[in-house]
Amino acid sequence: MKLSLSGRLIEVTKQSYALEVVEFLELAKNAGYQGVHLRDGQIDHLFKEERYDELEALYGNHGLEPSMIWGRLDSGSFDGDLIQKKMAFLQRVELDHLIIGYPTDMDLIREWCDLALRQGVGLVIACHVNSLFEDISRAGEFVREVDRPNLGLNVDPLNIYMAEQDYGLGTLEKVKDLLRVVNVQGGVLGQGDQVAHRYYKKTTPSFRRVYLCDEDHLGIPRFVSDLKAIGYEGYINVLEPYSEDCDLVQVASDTARLLKGYIED
């Protein structure tokens, strides 16, 4: 497994960031990550303008790989042209999947899976609370019903936990053949004033965000061990929200050391 750092670490709003992209890439490299997840607000303008050389150089010049790229197929007004441009770029950087969010229209998903397959690209649905895919087992069933070989899942233990489902080995075993990329982030249920709305239930658990290196509330060592047990070899992508009160370099470095220790254990 390899570690990736998400641009969410420095995301102030969906379109503004605490650091420039190159500064963030330098931070990720120096902190010990092998890949990065650049957010839509950081690079979508380059995709729209087909400035692929610049996009490729962003990663290559820092010796980093892209762990995730989003396609946003879940929106009713999605930009099909932008999705195709992203799929065209994936081949240049040897990333074989595009995260498409939480779409529920099976006919549309099949159409885009067939299009992606012709380009050698896989599509990935995210398991996220307050979506049809907040239950990881149900998400796996949905993907299998779509019945396309290039459709997989992105999972995150916090979102699975907020959906009141176990994210342990038994659950991961059910979808091990579908896992393409894994996210990890910090949060404690039942504290703070942030609310995670539920899709299938009316319960709305509150939670407080914490950093993974501050509080091992989710059993991350066990989660990483379970990933190894099912033979997962992809990226673990670290999502940590921006805070004016934290040292971004310290958070990135400490989290990388923490997760590397679990991977190498």
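Predicted model: local features only at pLDDT ≥ 70, side-chain atom pairs only at ≥ 80, totals over all residues.

Residues are numbered from 1 along each chain as its sequence is written, and side-chain values use heavy atoms, with hydrogens and water left out.

**Entry: salt bridges**

I looked up salt bridges, taking each as a side-chain nitrogen of Lys or Arg within 4 Å of a carboxyl oxygen of Asp or Glu. How many salt bridges does the structure hold? I got 22.

I picked K86 and D44, whose closest N and O atoms are 2.9 Å apart. K86 lies in helix α4 (residues 80–90) and D44 in helix α2 (residues 40–48), so this pair ties together parts 42 residues apart in sequence. Helices here are DSSP runs (H or I, at least four residues), as are strands (E, at least two), numbered from the N terminus. Are K86 and D44 buried or exposed? Both are buried.

Next I checked D107 and R110, which meet in a salt bridge at 3.7 Å, N to O. They sit 3 residues apart in helix α5 (residues 106–118), separated by about one helical turn. D107 is exposed at 57% relative accessible area, and R110 is partly exposed at 22%.

K201 pairs with E164, with the closest N and O atoms 3.3 Å apart. I also noted that shared partners join D40, D44, R72 and K86 into one network of salt bridges.

**Entry: aromatic rings**

For ring pairs (Phe, Tyr and the six-membered ring of Trp) I wanted centres within 6.5 Å; planes under 30 degrees apart are stacked, over 60 edge-to-face, and the rest tilted. My search of the whole structure gave 8 aromatic pairs. Why is the pair of Y161 and Y167 edge-to-face? Their planes stand at 85°, with centres 6.3 Å apart, so they get that label. Y161 is partly exposed at 33%, whereas Y167 is buried at 8%.

Y199 and Y200 are edge-to-face too, 5.0 Å centre to centre and 70° between the planes. I wrote down one aromatic cluster of F47, Y52 and F89.

**Entry: charges over rings**

R72 has its charged end over the ring of W70, 4.5 Å from the centre. R138 lies over the face of Y200, 3.9 Å from the ring centre.

Note on methods:
Buried < 20%, exposed > 50% of the residue type's maximum accessible area, 1.4 Å probe, protein only. Lys NZ or Arg CZ within 6 Å of the ring centre and 35° of its normal.
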